[in-house]
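Have the structure open and follow along.

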Amino acid sequence: MHFKKNRKGYVCGTYNKHGHTQCSDHYVRESELIEVISDDIKQMFSSLSTKSVQKDIEKKMAKFIQRDQKRLGNILKEIEHLKKDKTVALRMKIRGEIQDEEYRLLIEDNGNQLAKLNEEKAKLEQGLLHQKQTIDFTKLINQVEQFVKNPILDKEMLHKLIERIEIKEDGSPRIFYRFSDPYISSIFSRATHSTPHGSRG
C-alpha cells in the first residue's frame, strides 16, 4: 500500500504503479485504519487488564510450552533409537541373519517412522522458537495499558502488535496481529478459552 497525502490514506501499490489491469483500486483512509486498530487494542486490554487474568494466562502458557518441550525431548530419543535400529538391521543383513526383503521392509518402516517424527520435531521447534521471539506477555500488557491511557499509534507500537495488514477490494482492513501466528494463537486461545485476537475483517 502506498500512502497518498491528497487522499489521506493508502492505495494499492500495484494499482498505483501499473493501473487497473494489474489490480483493483484498494483504498483505506489512515484515520479509519487507526480507529480499527485502536478499538481492537482497547478491547483486548479490557479483557486482559486484571492482574489475576494476566497471571493465569502466563501460567497456562508456560504449561503448554513445558509440555511441548517434554514432547520434543521424547521425539529426539525416539529418533536416536530408530537410527540405532537402522544400524543394527544393516549389520544383521551383512552377517546374513536376515534376507534382503526383510531388510528392505525394516528400512522402509524405519524411514516412515523417522519422517513422521522429524516432521513433528520441526513443527515443535518452530513453535518454541516463535514463542521465545514473541513479546513477553507482561510487557505487552504494560505497553497496551500505556496506549489505552494515551491512544497514539506510532511505528514501534504497530510493529510490536501487528504482523501485517491487508485491505480488501471494498476498502475494509483485515489486521493480522502477532497472535495470528498459528502456534501463539493456539496457546493464547487455549489459555484464555476465548477467541484469539488473530485477525479482523
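pLDDT is the predictor's confidence in each residue, on a scale from 0 to 100, and a contact means heavy atoms within 4.5 Å. With that in hand, look at residues 189-201: pLDDT stays under 50 there, and the model has 36 contacts beyond four places in sequence for this stretch.

A word on ground rules. This is a predicted model, where local features need pLDDT of at least 70, side-chain atom pairs count only at pLDDT 80 or more, and totals for chains, interfaces and linings use all residues. Residues are numbered from 1 along each chain as its sequence is written, and side-chain values use heavy atoms, with hydrogens and water left out.

Read from the N terminus, the order is β-β-α-β-α-α-α-α-α-β-β-α-β.

Of the 201 residues, 31% are buried, where buried means under 20% relative accessible area, exposed over 50% and partly exposed in between (1.4 Å probe, protein chains only). Take contacts between residues at least 6 apart in sequence: 54% of them join residues at least 24 apart.

| Residue | Helix | Relative accessible area | Contacts beyond four places in sequence |
|---|---|---|---|
| Asn110 | α4 | 6% | Leu82, Asp85 and Lys86 |
| Leu33 | α2 (residues 30-48) | 11% | Val28, Ile165 and Pro173 |

Why does Asn110 count as buried? Because its relative accessible area is 6%. A polar atom of the Asn110 side chain also lies 2.7 Å from the backbone oxygen of Leu82. Leu33, for its part, counts as buried because its relative accessibility is 11%. How far apart are Leu33 and Ile175 in sequence and in space? They are 142 residues apart in sequence and 9.3 Å apart in space, C-alpha to C-alpha.

One last stop is Tyr103. Lys93 lies over the face of its ring, at 5.6 Å from the ring centre; a charge sits over a ring if NZ of Lys or CZ of Arg is within 6 Å of the ring centre and within 35 degrees of the ring normal.

Note on methods:
Helix = DSSP H or I, 4+ residues; strand = E, 2+ residues; numbered from the N terminus. Polar contact = N/O pair within 3.5 Å; in protein donor to acceptor, adjacent residues only side chain to side chain.
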